[in-house]
Amino acid sequence: MPPIQQQQTSRTGLITALVFAIVFAVGFLVWAIMSSADANKLQTQNDAMRNKYQKVIAESSVGNVADLQAGMSADPDKPRTGTLVDAAIEQRKEILAMLNGDRDGSEKKAIDDYNATLAAIKAEPALKDAAIPETAGMTVAVKALIAKAKNDADALAKAKSDLMAANQSLQQAIETNKAEIAKRDQAVTDA
């Protein structure tokens with residue numbers, strides 16, 4: 001008897017389905033391995049980037065970039081543009097320019113200049129009465145010197161006023177003495 005055709009077709013279909021399932025499974029396995037490798041690579045890159053940028057900005061501040069930029073600006077309503085690092089560099093340059101006039105100076109130079117200036121103020125005998133606290137910043141020191149200069153100017157103005165009053169009294173005394181001398185001279189001449 002000849003073989004039944006349906007069994008042959010059924011076997012061929014089964015083998016085809018099995019081959020297709022194996023190819024599909026191998027393809028899926030290759031795709032899964034590649035996806036896993038890509039995911040691991042991306043996770044490694046993400047971790048490296050996160051570690052790198054945690055040195056620049058704290059994780060808690062990442063959501064507040066606009067607030068940080070506003071805080072680094074002289075006018076919070078007009079925050080600095082660019083990256084936070086650019087804003088910090090610009091802020092640093094502005095502060096250094098205000099402290100010692102050198103936008104490109106270093107923090108060490110600014111601190112050394114500040115300490116030298118405070119030492120010179122404390123060493124100056126004319127400024128001994130300036131009330132500058134030990135932990136004063138440059139602004140507090142300048143305000144103390146302004147107050148000292150104002151007090152000295154007021155004292156000088158009072159001294160000038162007192163001198164003028166004393167000169168007027170002296171001139172009156174001289175005039176009175178001249179008048180008395182003239183009277184006595186007249187009395188001597190009459191006698």
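Leaving aside its neighbours within four places in sequence, which residues is lysine 148 in contact with? Keep that in mind as you tour.

This is a predicted model, where local features need pLDDT of at least 70, side-chain atom pairs count only at pLDDT 80 or more, and totals for chains, interfaces and linings use all residues. Residues are numbered from 1 along each chain as its sequence is written, and side-chain values use heavy atoms, with hydrogens and water left out.

**Stop 1: helices 3 and 4.** Select residues 84-100, helix 3, and residues 107-123, helix 4. Helices here are DSSP runs (H or I, at least four residues), numbered from the N terminus. The two axes, lines fitted to C-alpha atoms over the stretch in contact, come within 10 Å and cross at roughly 25°. The helices are therefore roughly parallel to each other (angles under 35 degrees count as such).

Now show the contact (heavy atoms within 4.5 Å). Helix 3 brings Arg92, Leu96, Leu99 and Asn100. Helix 4 brings Glu107, Lys109, Ala110 and Asp113.

**Stop 2: helix 5.** Select residues 138-190. At 1.5 Å a residue, these 53 residues should span 78 Å (1.5 Å times one less than the number of residues). The end C-alpha atoms are 76 Å apart, which agrees.

Colour Ala141, Ala144 and Lys148, which are buried (under 20% relative accessible area, 1.4 Å probe, protein chains only). The buried residues of helix 5 pack against helix 4.

**Stop 3: lysine 148.** Zoom in on this residue of helix 5. Its relative accessibility is 8%, so lysine 148 counts as buried. Back to the opening question: lysine 148 is in contact with Ala126, Leu127, Asp129 and Ala130, leaving aside neighbours within four places in sequence.

Notes
Axes are lines fitted to C-alpha atoms, for helices over the stretch in contact, and angles run from 0 to 180 degrees between N-to-C directions. Helices (H or I, at least four residues) and strands (E, at least two) are DSSP runs, numbered from the N terminus. Angles under 35 degrees count as roughly parallel, over 145 as roughly antiparallel, 65 to 115 as roughly perpendicular and the rest as oblique. Buried means under 20% relative accessible area, exposed over 50%, partly exposed in between (1.4 Å probe, protein chains only).
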